[in-house]
Amino acid sequence: MPDTRTARAEQLAATGQVDTAVTLLADGAAAGDAEAAMLLAVWHLRGTPVPRDLPRARDLLRRAVEIGHVDAALMEVALTANGSGGAPDWPSALTLLRTAARGDAVAAAQLALVAAMAVDAEGRPASAPRGTPLATTPRIVHFPGFLTAAECAHVAGVAGAMLAPAQIIDPATGRLVAHPIRTSDAAAIGPVHEDLVVRAINARIAAASGTAIDQGEALTVLRYRPGQEYRPHLDTIHGAGNQRVATMLVYLNGGFAGGETHFPAPAITVTPRGGDALLFFNTLADGRPDPATRHAGLPVRSGAKWLATRWIRARALDAWAPPVAPA
């Protein structure tokens, strides 16, 4: 490992000398070391080897940006928009993105996508998307053209590098194990990666579902290859105090065979088309899971199916809390 300040800090932390490592990085940040400021910010975001401190992380990111760290600039934009370490502030995040776009192609591409969206001053859709009801019991609504092709490509691109085989928490051991019914690759786009394009899409999902944006879990991208599927299941979580009351599926691509979304009880099968979305409500009037929302992602026969899912809770949830995977 190169003998850099950040490398030394990592070595110190690995041997339990966390306070010394933090001092080393803080001194480096003050002296103009952007990588030191960035690493310490990431530690405070991650919550290890130091306690999570979102406001402190934001301060360190600002320092890294002032020195010239491009990745820190994009991270600061995301956290400013979604309110990590402060109040959600779309206008300030947009100003930061415009500044970053002057010298960074990635930021410029994001800015161009946002500029093409019909959003208000807070990043919300100028008008609520309108869908076509497919069923009333359970309530299922189809939204043709919910995302543009460019928006779909962006979401897939953000998640692409993070994809890993789908897993759940084994209730017996507490360990992550292969998902027993979902044989796909998955990646959740958490707060650090929720750029303004993703943030605006999450706001669009909230508007379409009649919910608040902070009721939604992280937008999760799934990739199904030939033979992979999601066998019949409910999206609700057994015993959850803050239940998944709705689900929005967004199909990100075409050019594959199979992969239909099938609801056995209402006998509805939806053929995926890139950009379309499907909204369904998972609970009964008394809050109990609705068995009629049991659904499946049928096996993909050829090509690769890309899908974005946002599970929506009954109440707001902490985006930084550890995820709870259904058993």
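In which loop does Pro-138 lie? In this predicted model, Pro-138 is placed in the loop that connects strand 1 (132–136) with strand 2 (139–143). The peptide bond between Thr-137 and Pro-138 is cis, with omega at about 0°. A cis peptide bond also joins Thr-48 and Pro-49, where omega is about 5°. Pro-49 belongs to the loop between helix 3 (34–46) and helix 4 (54–67). Most peptide bonds are trans, and most residues other than glycine have a negative phi. Ala-267, although not a glycine, has a positive phi of about 55°. Ala-267 is located in the loop between strand 11 (261–263) and strand 12 (268–270). The relative accessible area of Ala-267 is 60%, and the residue is therefore classed as exposed, the cut-off being over 50%.

Helix 1 spans residues 5–14, and its buried residues are Thr-6, Ala-7, Ala-9, Leu-12 and Ala-13. These buried residues pack against two elements, helix 2 (18–30) and helix 3. In an α-helix there are 3.6 residues a turn, so residues three or four places apart point the same way.

Strand 6, formed by residues 185–189, is mostly covered, with 4 of its 5 residues buried. Strand 6 pairs with strand 3 (residues 164–165) in the antiparallel sense over 2 bridges; within this pairing, Ala-164 has Ala-186 of strand 6 as its bridge partner. Strand 6 is also joined to strand 7 (residues 219–224), again antiparallel, by 5 bridges. Here the bridge partner of Ala-187 is Val-221 in strand 7.

A further set of strands forms an open sheet of 4 strands, in the order 8-14-11-12 and with antiparallel pairing. Strand 8 (230–233) and strand 12 stand at the edges; each has a single partner strand, so one side of each is left without a neighbour in the sheet. On average, neighbouring strands of this sheet are turned by 10° against each other, direction being ignored. The antiparallel pairing of strand 11 with strand 12 comprises 3 bridges, and Thr-261 has Val-270 of strand 12 as its bridge partner.

The largest nonpolar core contains 46 residues, and Phe-146, Leu-196, Met-248 and Leu-252 have the most contacts inside it. The element that gives the most to this core is helix 9 (residues 196–209), with 7 residues. Apart from this core lies another, of 25 residues, which includes Leu-25, Val-50, Leu-60 and Ala-72. When residues up to four places away in sequence are not counted, Leu-252 touches Leu-147, Cys-152, Val-155, Ala-156, Val-221, Gly-274, Trp-306, Leu-307 and Ala-308. Among these contacts of Leu-252 is Val-221, the bridge partner of Ala-187.

Glu-151 is situated in helix 8 (residues 149–160). With a relative accessible area of 5%, Glu-151 falls under the 20% cut-off and is therefore buried. Leaving aside neighbours within four places in sequence, Glu-151 is in contact with Leu-113, Met-117, Phe-146, Ile-201 and Arg-204. Of these partners, Phe-146 is one of the residues with the most contacts inside the largest nonpolar core.

How values were computed: Residues are numbered from 1 along each chain as its sequence is written. This is a predicted model: local features need pLDDT of at least 70, side-chain atom pairs count only at pLDDT 80 or more; totals for chains, interfaces and linings use all residues. Side-chain values use heavy atoms; hydrogens and water are left out. Buried means under 20% relative accessible area, exposed over 50%, partly exposed in between (1.4 Å probe, protein chains only). Two strands pair if DSSP finds at least two bridges between them. Contact means heavy atoms within 4.5 Å. A nonpolar core is a set of buried Ala, Val, Leu, Ile, Met, Phe, Trp, Tyr and Cys residues joined through side-chain atoms within 4.5 Å. Axes are lines fitted to C-alpha atoms, for helices over the stretch in contact, and angles run from 0 to 180 degrees between N-to-C directions.
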